[in-house]
Amino acid sequence: IILQRQQQLTVQQEQGFRQLQTGLGSKLLVIDDDDLLRSFLVRRLELDGYTVHEADSVERAKGMLHDDVYDLILLDLMMHPQSGYELFDHLKEDPTLKWLPLIVLSARCDVHDKVRCLLLGANDYVTKPFQYEELAARIYSLLSRTKSFEQLAFRDPLTGVYNRRYFDHQVELELQRIARYPVPISLAFIDIDRFKTINDSYGHAIGDLVLQGLAHLLQQHLRPTDILARYGGEEFVVVMPNTTGEQAAQLLNSVLQVTNKQPVAQYEGQSFSITFSCGVSEWTAGLPTAHWIALADEAMYRAKQQGRNRVLQ
Ligand code: GH3
Ligand code: MG
Ligand code: MG
Ligand code: MG
């Protein structure tokens with residue numbers, strides 16, 4: 001029995017190790033002014049399957065957090081000219097960054113620093129010098145918690161893209177963010193053309209494959225900061241920060257061209273093609289969210305009336 005237990009443990013440890021090595025497909029930001037430690041961490045984490053970006057100052061990190069989406073931050077406290085503490089204020093003020101998982105890496109082992117960081121929003125505090133394996137396990141633990149929670153609460157199970165609940169919540173946050181950093185932001189409303197005939201001709205299961213195929217195609221054309229969500233049955237919606245209405249329409253048009261040239265799904269040697277109709281709307285100052293969505297929806301409806309298979313603004 002003891003031997004069996006030991007064998008089981010080994011299998012579990014091996015599985016854990018393999019999972020650790022996949023990096024969960026996550027993107028990490030390492031912020032530390034110590035060049036040597038930073039490059040060691042980046043290389044080591046990359047070997048474990050993470051995508052890792054690095055910043056040597058709080059100022060640089062702020063810019064990167066604005067331009068890209070990260071799953072977790074590793075933050076050094078003692079840096080110049082701004083200390084790691086200054087990043088906490090920045091994160092707290094930005095609604096889209098407020099809940100980003102963060103682990104402090106610090107040579108300060110004073111209990112006051114630990115308490116202060118945890119109260120400011122850090123999820124964990126690791127003192128230097130540390131064993132890489134321990135840090136890796138803490139990163140993995142924090143990410144898998146966040147990910148499984150996110151999967152349950154915010155993702156559409158069929159397509160894996162965000163659900164409407166997440167979308168509604170996130171749109172508000174993006175608009176709050178724009179009040180602080182004014183940039184154009186656009187919304188696209190996408191509805192598959194004559195989707196009912198796909199279901200009627202080939203069955204619901206093929207319809208589901210088509211939905212997955214379109215979600216995948218859309219995702220491939222979007223930036224990490226864009227938010228793609230399944231809004232209803234065969235309706236998708238995309239929020240594109242830093243994008244004008246013209247640019248958004250152009251992007252969706254190029255996705256539409258792809259659907260006109262190649263099938264979105266294949267099953268047992270058979271190919272399934274679709275087109276969609278899309279409405280785009282650029283946000284203007286003071287426009288309430290519901291009205292903004294309605295404008296994109298109306299443009300989509302006009303696209304349907306004008307013959308489908310088009311993008312209108
Ligand atoms: P239109 O070009 O006017 O949009 O025509 P349509 O047939 O796409 O529009 P309609 O709204 O009449 O039909 C949408 C269909 O989408 C009806 C419903 O059966 C199907 N649908 C909704 N959700 C799902 C799903 O999760 N899986 C599948 N396979 N079909 C779905
Ligand atoms: Mg330092
Ligand atoms: Mg519809
Ligand atoms: Mg439709």
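This is a predicted model: local features need pLDDT of at least 70, side-chain atom pairs count only at pLDDT 80 or more; totals for chains, interfaces and linings use all residues.
I started with what sits under helix 2: its buried residues pack against strand 1 (27–31), strand 2 (51–55) and strand 3 (72–76).

Next I looked up the helix itself. Helix 2 covers residues 35–47, which makes 13 residues. From first C-alpha to last I get 18 Å, close to the 18 Å expected at 1.5 Å a residue.

Which residues of helix 2 are buried? I found Arg-38, Leu-41 and Leu-45. Seen down the axis, the buried residues of helix 2 fall within an arc of 65°, so they line one face. That made me recall the general rule: an α-helix has 3.6 residues a turn, so residues three or four places apart point the same way.

Then I turned to the other side of helix 2, where Asp-35, Leu-36, Arg-43 and Leu-47 are exposed.

I also checked what comes just after helix 2, and there Gly-49 takes a positive phi of about 100°.

New page, ligand 1. How many residues surround it? I have 16 down, and the closest are Asp-193, Phe-195, Lys-196, Gly-207 and Gly-233.

Where does the shell around ligand 1 come from? Strand 6 (185–192), helix 8 (195–202) and helix 9 (204–221) each supply at least two residues. Helix 9 gives the most, with four residues.

Note on methods:
Residues are numbered from 1 along each chain as its sequence is written. Chains are lettered from A and ligands numbered from 1 in the order in which they are written. A residue is near a molecule or strand if its C-beta atom, placed from the backbone, lies within 6 Å of it. The expected span of a helix is 1.5 Å times one less than its number of residues. A residue is buried if 20 or more other C-beta atoms lie within 10 Å of its own, exposed if 12 or fewer, and partly exposed in between; C-beta atoms are placed from the backbone. The arc is that of the directions from the helix axis to the C-beta atoms. Two residues are in contact if their C-beta atoms, placed from the backbone, lie within 7 Å.
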